[in-house]
Structures are given as C-alpha cells and as structure tokens.
Amino acid sequence: MKSLADLHALRDKLKSDLKLRKESGTKIIIGMGTCGIAAGAREVMAAVLDELARRHLTDVQVQQTGCIGMCDKEVLLDVLRPGEARITYGNVKPEDVSKIIANHVVNGNIVEDMVVGKIENK
Amino acid sequence: MQHIRAHVLVCGGTACKSSGSQKVRDAFARYLEEYKLQDEVMLVETGCHGFCEHGPLVIVYPEGTFYCRVTADDVKEIVEQHLYKGRIVERLLYREPLTQEQVPNYDEIGFYKKQHRIVLANCGEIDPENVGEYIAVGGYEALGKALTQMSPEQVVEEVKKSGLRGRGGGGFPTGLKWQFAKASVSDKKYVICNADEGDPGAFMDRSVLEGDPHRVLEGMAICGYAIGADEGYIYVRAEYPLAIKRLRVAIAQAEEAGLLGKNIFGSGFDFTIHIKEGAGAFVCGEETALMASIEGKRGMPRPRPPFPAVSGLWGKPTNINNVETFANVAQIINNGAEWYSRFGTEKSKGTKVFALTGKINNTGLAEVPMGITMREIIYDIGGGITNGKKFKAVQIGGPSGGCLPESMLDLPVDYDSLIAAGAMMGSGGLVVMDEDTCMVDVAKFFLTFTQSESCGKCTPCREGTKRMLEILTRITEGEGREGDIELLESLAENIKATALCGLGQSAPNPVLSTLRYFRHEYEEHIKNKRCPAGACEKMLSYVIGDDCKGCTKCARNCPVQAISGAVKQKHVIDQSKCIKCGACMAGCPFKAITKG
Ligand SMILES: Cc1cc2nc3c(=O)[nH]c(=O)nc-3n(C[C@H](O)[C@H](O)[C@H](O)COP(=O)(O)O)c2cc1C
Ligand code: SF4
Ligand code: SF4
Ligand code: SF4
Ligand code: FES
Ligand code: FES
C-alpha cells in the first residue's frame with residue numbers, strides 16, 4: 001500500500017464482505033419448513049446464492065423462515081425491498097430464480113404470475 | 001465467488017475461550033461441513049463483546065441473533081435449525097434478568113441498549129487477526145488522512161479541541177500532553193502505550209487489544225506523527241498472552257500492508273512498534289516506573305519533573321498514553337473534534353469503558369457517554385442487584401478510587417464530579433456492593449492490595465499504609481479503639497501529601513471515602529463491637545431466638561459444647577465459649593438461630 005487511494009481501493013473491495021453484519025437493503029427469504037425442504041427449498045437456495053454471486057449483488061440478504069401455513073405452494077420465496085411490500089412467490093423452482101432476481105430484486109418489477117401473497121409495509 | 005449468506009461470529013476473547021469457545025468454533029467448522037454450508041456461511045472468531053458472564057457467545061448474522069452460554073453440544077442444533085432451516089434456537093437466547101423475557105437480538109438487550117460504543121465499536125464485530133476486516137470498516141483511514149492531509153500541528157490541535165482526556169486514571173488532557181512532547185526538541189522521541197492494566201477487576205484494555213488491536217496501533221502511529229516520533233512501545237502485562245499474540249499478528253499484518261514501517265502512505269513518515277512484556281507489578285503501570293522497566297531497570301517510580309514529555313524513555317522526549325486513550329484517536333481524526341466533543345459533559349468528553357463487577361446482574365464491559373448517572377449504569381445496563389438485595393455502595397476507580405453510597409447514585413459520572421465526591425475515574429472498574437457488604441472490610445481489602453504492591457521506595461507509603469492496615473484489621477476484629485478513626489484520618493492525609501507516586505498518594509482514598517459516607521459503620525465496629533452488615537466474622541454472635549423448639553440438635557452439633565438447654569426448652573449459646581463456626585445455625589431445622 002503506497003497511498004491513501006490504495007487504501008480506499010482495498011476498502012471498497014473488502015467492504016462488501018462485512019455488509020451482512022450491518023443493516024442491509026433487499027432481503028430474500030426462503031421457506032425452509034419440512035415440506036419446503038422436501039419440495040426443493042435447498043436447491044432454490046443454491047440457485048439464489050449462485051445468481052447473487054453471478055451478479056455481484058453482495059448487499060442482498062438471504063434469510064430463511066419456517067412453516068407459514070402454505071405448504072401446498074412450496075417452495076415459497078419472499079422478496080422484501082426496503083420500504084416496499086413483502087411479496088411471497090409460490091411454487092418456485094430453481095429455474096425461476098434468475099427471473100425473480102432480475103425483475104424484482106434488481107429492477108423492482110414484481111413477477112405477478114408467481115405471486116401467492118403480499119404483506120403491505122406498515 | 002460464492003454469495004455468503006450468513007456469518008457466524010464466535011467470541012474468542014479470553015473469558016469465552018476459557019469457558020470453551022474454541023470447541024464451539026471447531027464444532028461449527030465440523031457441522032457446517034456436514035450440512036454442506038461451509039461455502040455459504042462464514043465462520044469468524046472475534047474479540048470480547050463485554051458480556052463474558054454469558055459466554056461463550058455466538059452471534060449469527062444477518063439476523064443478529066445472540067446466543068449465550070453455547071457449548072459444543074449445542075452447535076449441531078444451531079447449524080441444523082438456524083442455519084439450515086432458519087429457525088432460531090430459542091432456548092439459547094438471552095433472558096433479561098428482571099423480566100425473564102427472551103431477547104433474540106444483539107441491540108435489543110438491555111445491557112447494550114444504553115451503551116454508546118466508540119472505543120468498542122469493532123470489538124466482537126470483526127476478526128482481530130485479519131487487517132482486512134479492520135480496513136473494511138474504515139480502519140487506517142485516520143492515519144492516512146493525518147499523514148497526507150494534516151500537519152502535525154493540526155493533529156495536535158484536533159485532539160486538543162476534542163477534549164479527550166487520559167483514560168489511564170489521571171484524566172490529563174491528551175492534546176496538551178502531545179503538545180508538550182511535540183515542543184521538546186530532540187533527534188529521537190518515543191510513543192508508549194500503557195497496557196499494564198494493574199487494577200484488580202479491570203479488563204477493558206485487554207478486551208480492546210484482543211478485539212481490535214489495529215485501532216490502538218493506528219492511534220499510536222497518529223501520535224508518533226503528531227509529536228515527531230518514529231518508534232513506539234506497547235507495555236503489556238505478560239498475563240495477557242492472547243492480547244500479546246493478537247498484537248504481534250496485527251503489527252506483522254500492518255507492516256506487511258505498509259501501514260507501519262517506512263514511508264507510510266508515501267508521506268515520508270516512518271513508524272515501528274515494539275512489544276514489551278511486563279512482569280505485572282501494579283506500580284509498573286506508573287509511567288516513570290514503566291519506562292524504567294522498559295529500559296531493563298527495576299520498575300520503581302522516580303520524582304517528576306522532569307516529565308516524560310521532556311525526558312522519558314532513555315532520556316528522550318516520550319509521550320505515554322493508556323490503551324483506551326489511543327483507541328479514541330482514529331475516530332477523532334476521522335469524524336472531527338466537534339463530533340467527538342458532542343458526547344459527554346462540559347469537561348469530560350467522549351465515552352468511558354467500565355468493567356462492571358460485584359453484586360450486579362449483568363457483569364461485563366460497558367461503554368457509556370461521560371455524564372451518564374451511576375444509577376443508569378447499575379440498573380439499566382447492569383440489570384440491578386443480584387438476588388433482589390438492596391444496593392449499598394459502588395466502588396469506582398480501583399485501589400485508588402472510592403466508595404459512593406445510595407445518595408450519590410444520581411451523580412453524573414465524569415472526572416471532576418467523581419473527584420469532588422471523593423472517588424475517581426481510575427481505569428474504570430466498578431464494583432457494586434449490596435447490603436451484606438461491610439464497608440470497613442472493603443476499605444481493608446483495597447488497602448491490603450496497595451500495601452502489598454507498594455514498591456517501598458518512600459517511607460509514607462511503605463510504613464504509613466502498613467499502620468493504616470493494622471488499624472483497619474483491629475477494627476474488623478472487634479479490637480478497635482477510641483481515637484482510631486482520627487488516627488486513620490491523620491495518617492491518610494499525611495500519606496496523600498508526602499508519597500512520591502500516585503500509588504501512595506491515592507492509597508488512602510478507599511479509607512477516606514468510606515469514612516466520609518459510612519462513618520457510622522466504623523463507629524459501630526469500634527464502640528459497640530458490632531458489624532452492622534454482619535460480615536466481619538470475628539464480631540458476629542450467634543443467637544437462638546424464640547422459634548427454638550428445644551430439639552437439642554444444635555447442642556449436639558456444637559464442637560465446643562457452647563450450647564445448653566433442656567429438651568423442649570429454648571436453648572442458649574454461651575458467647576464466651578462459642579468459636580463462631582456456624583454449625584448450629586446451619587443445622588437448626590427450625591431456622592431459630594441468627595447471626596448478627
Ligand atoms: C500506581 C499506578 C499505577 C498505574 N497503572 C496504570 C495502568 O495500569 N494503566 C495506565 O494506563 N495507566 C496507569 N497509571 C497512570 C500512568 O502513570 C499514566 O498516567 C498514564 O498511563 C497516562 O496515560 P493517559 O494520559 O492516557 O491516561 C498508573 C499510575 C499509578 C500511580
Ligand atoms: S508512593 Fe509507594 S509505590 Fe510510589 S514510590 Fe513511594 S513507596 Fe513506591
Ligand atoms: S436446633 Fe434449633 S430448635 Fe433445636 S434446640 Fe437448637 S435452636 Fe432450638
Ligand atoms: S457457632 Fe459453632 S461454636 Fe458457636 S454455638 Fe454455634 S456450633 Fe457452637
Ligand atoms: S412447511 Fe412450508 S409453508 Fe408449511
Ligand atoms: S470474552 Fe467473550 S464476551 Fe468477553
């Protein structure tokens with residue numbers, strides 16, 4: 001490191017690794033109840049992580065949740081953008097993930113035909 | 001690159017390590033692999049979170065879930081339930097002591113809510129053995145800014161304006177101290193970081209060094225630039241092996257990255273840091289004794305002046321500050337003096353880290369803005385007194401400090417109010433005492449410590465503290481005499497006025513402050529041979545009350561046949577025979593025997 005500019009460059013590169021420990025922007029929440037896992041939630045999770053890595057979306061948080069009582073619509077995947085409604089997608093397959101991330105997570109356009117629930121932001 | 005979706009922070013501070021956090025960490029590594037999560041979950045070892053009592057601590061992000069007292073056997077459940085299925089393991093959450101409520105999140109716990117973390121901001125949040133994490137949260141920015149955008153004068157001026165005062169006990173204005181060292185003309189100057197931390201019960205400096213060592217290195221380098229020194233020493237006690245190890249790693253990584261060494265940030269400024277391990281005598285924390293010790297001489301204080309800023313280590317101008325003092329510097333340079341001086345009171349700026357111990361529910365490290373009241377620290381952060389007992393006193397400032405009573409609980413905690421109240425900030429140890437504590441005994445405890453740590457160089461301290469201790473001992477043994485209080489007071493004033501160093505000058509403080517607020521307790525001991533708190537063993541008497549059913553059990557238990565009485569008649573204890581073993585009271589099926 002030879003200058004302050006070098007420090008800044010390094011910091012910008014390393015910063016994203018720690019974002020998870022601070023409040024973040026968009027959240028993707030995957031249903032990991034028993035039937036969720038049986039319906040392929042782990043595979044959906046893997047597809048989400050791959051897609052986020054591919055697009056370098058390091059500040060998107062991925063969380064899991066347990067059973068929410070819509071077991072017949074598994075796999076369930078929620079997208080929650082700051083200040084917007086929480087959208088629940090149902091019957092999500094790994095191949096749907098890139099569509100949801102591209103349209104909704106990145107551009108804010110809800111993929112209407114897959115929505116099974118909506119919770120308004122209070 | 002894999003998207004990391006969760007971080008598992010396992011506390012690797014000294015306390016959590018000794019309660020088994022290494023095994024917890026190993027178990028995480030094993031189970032993350034077993035559940036094939038090792039690429040999407042990152043495992044990090046951090047420094048102390050200050051809540052050691054509840055350790056080993058594990059925090060899981062992004063949720064910020066705070067798990068307490070985690071053992072290796074709990075790890076499988078956390079991995080399977082939380083990390084795999086997203087279900088919080090409720091049985092491991094923290095419970096508020098007063099309400100028994102479970103609190104899932106770090107920042108909602110009462111202990112942390114009222115804290116304001118500047119010095120401890122990164123402790124427990126980053127991996128102290130990875131300079132990258134420190135840089136990622138803004139580390140070394142302040143050094144870069146100072147070296148490339150500020151003159152040494154501007155740095156000194158900024159620290160002066162911030163109002164920062166020394167956290168090692170004396171509270172001397174830090175900027176002014178730097179100005180003196182800067183003004184000394186010499187071909188060689190030194191910066192010393194005092195990490196001797198000798199106060200019994202204090203561990204804030206250790207936690208900073210273990211949890212965020214680069215912050216201290218950065219503060220020292222900025223100081224070096226400001227005063228014109230190119231070499232620094234950290235004097236750290238050998239009993240802190242983990243702190244020493246992390247410092248060595250940190251220095252090596254900083255050198256590797258070009259953040260210490262030659263021509264830092266291309267500015268032409270050179271700075272290197274050495275570690276000197278101290279043998280751990282309390283007096284070696286005194287600055288002149290400390291420098292003698294670095295020079296390889298016996299750690300004994302010498303008279304000042306000359307002050308270190310003029311003639312310090314090897315006779316060269318030297319600036320010496322405490323760990324916590326240096327740990328404040330980077331933030332002041334980054335955010336400006338004005339920002340810093342918004343925290344605290346008129347004359348005591350910023351925050352202070354306290355080590356809470358004693359009869360308090362939440363023991364641990366708490367960083368609070370100066371000027372907060374003692375009541376807030378003890379009740380809101382500390383969670384109140386254990387076992388629902390009554391508060392009696394709080395001892396602040398370690399062996400040089402004093403005891404404050406209930407009536408002082410609303411005192412704002414800052415350097416000057418504490419001195420006016422007969423205590424002192426010291427290094428920030430807070431020992432909370434309940435109604436069962438005898439204040440004469442407390443004074444004796446602290447004086448025993450200072451007496452045994454006196455280096456013996458000057459008579460008032462060496463002999464005077466011995467005399468005072470003899471008097472305190474006889475008072476607690478029921479042998480106190482008329483005039484003892486006055487004798488204590490005159491000895492105390494004498495020692496304070498004539499001792500050579502701070503150890504002797506402050507040694508009488510615990511006695512004087514307890515005399516000031518709890519004089520009646522001394523008088524009870526001396527006049528009525530009674531310890532009101534029921535703590536001084538030699539003064540207790542065991543008495544059989546009216547609940548006695550005459551079962552004869554105590555008479556049979558008594559090893560010296562001090563108890564007499566007929567069957568089904570109330571028994572009595574012959575006080576002249578009783579040796580106060582307590583066997584009768586422990587065995588009475590009707591709880592008829594009391595001591596007092
Ligand atoms: C007996 C004695 C013990 C001391 N122990 C320490 C100590 O452990 N750590 C410390 O920082 N200062 C200690 N001091 C204070 C130091 O002499 C010195 O004032 C301090 O390191 C200056 O740093 P500061 O201005 O940042 O507080 C002690 C002083 C005395 C008289
Ligand atoms: S006051 Fe006590 S510790 Fe200090 S120099 Fe004198 S004898 Fe030594
Ligand atoms: S054991 Fe208790 S009840 Fe029995 S004789 Fe002794 S004091 Fe009385
Ligand atoms: S305290 Fe011990 S010695 Fe005294 S009366 Fe009770 S049993 Fe006997
Ligand atoms: S287990 Fe998935 S909604 Fe019930
Ligand atoms: S060592 Fe883990 S919280 Fe202090």
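The model I examined is predicted.

**Entry 1: extent of the interface between chains A and B.** I next looked up the contacts between the two chains: 33 residues of chain A meet 42 residues of chain B. The area buried between them is about 3,000 Å², and carbon and sulfur atoms account for 58% of it. On the chain B side, the greatest losses of area to chain A fall on B:His3, B:Arg5 and B:Tyr84, which together make up 22% of what that side buries.

**Entry 2: polar interactions.** I found 10 residue pairs in polar contact between chain B and chain A, both residues being at pLDDT 80 or more. The salt bridges between the chains number two. One of them joins the side chains of A:Arg11 and B:Glu141, with an N to O distance of 2.7 Å.

**Entry 3: elements of chain B facing chain A.** I noted that strands β1 (6-11) and β2 (41-46) and helices α3 (72-84), α5 (131-136) and α6 (141-149) each supply at least two residues to this side. The greatest contribution is that of α6(B), with five residues. By class, I recorded 19 nonpolar, 13 polar and 10 charged residues on the side of chain B that touches chain A.

Conventions: Residues numbered from 1 in each chain as written. Chains lettered and ligands numbered in written order. Predicted model: local features only at pLDDT ≥ 70, side-chain atom pairs only at ≥ 80, totals over all residues. Heavy atoms only, no water. Contact = heavy atoms within 4.5 Å. Buried area = accessible area lost by both parts, 1.4 Å probe. Salt bridge = Lys/Arg side-chain N within 4 Å of Asp/Glu carboxyl O. Polar contact = N/O pair within 3.5 Å; in protein donor to acceptor, adjacent residues only side chain to side chain. Helix = DSSP H or I, 4+ residues; strand = E, 2+ residues; numbered from the N terminus. Nonpolar A, V, L, I, M, F, W, Y, C, P; charged D, E, K, R; others polar.
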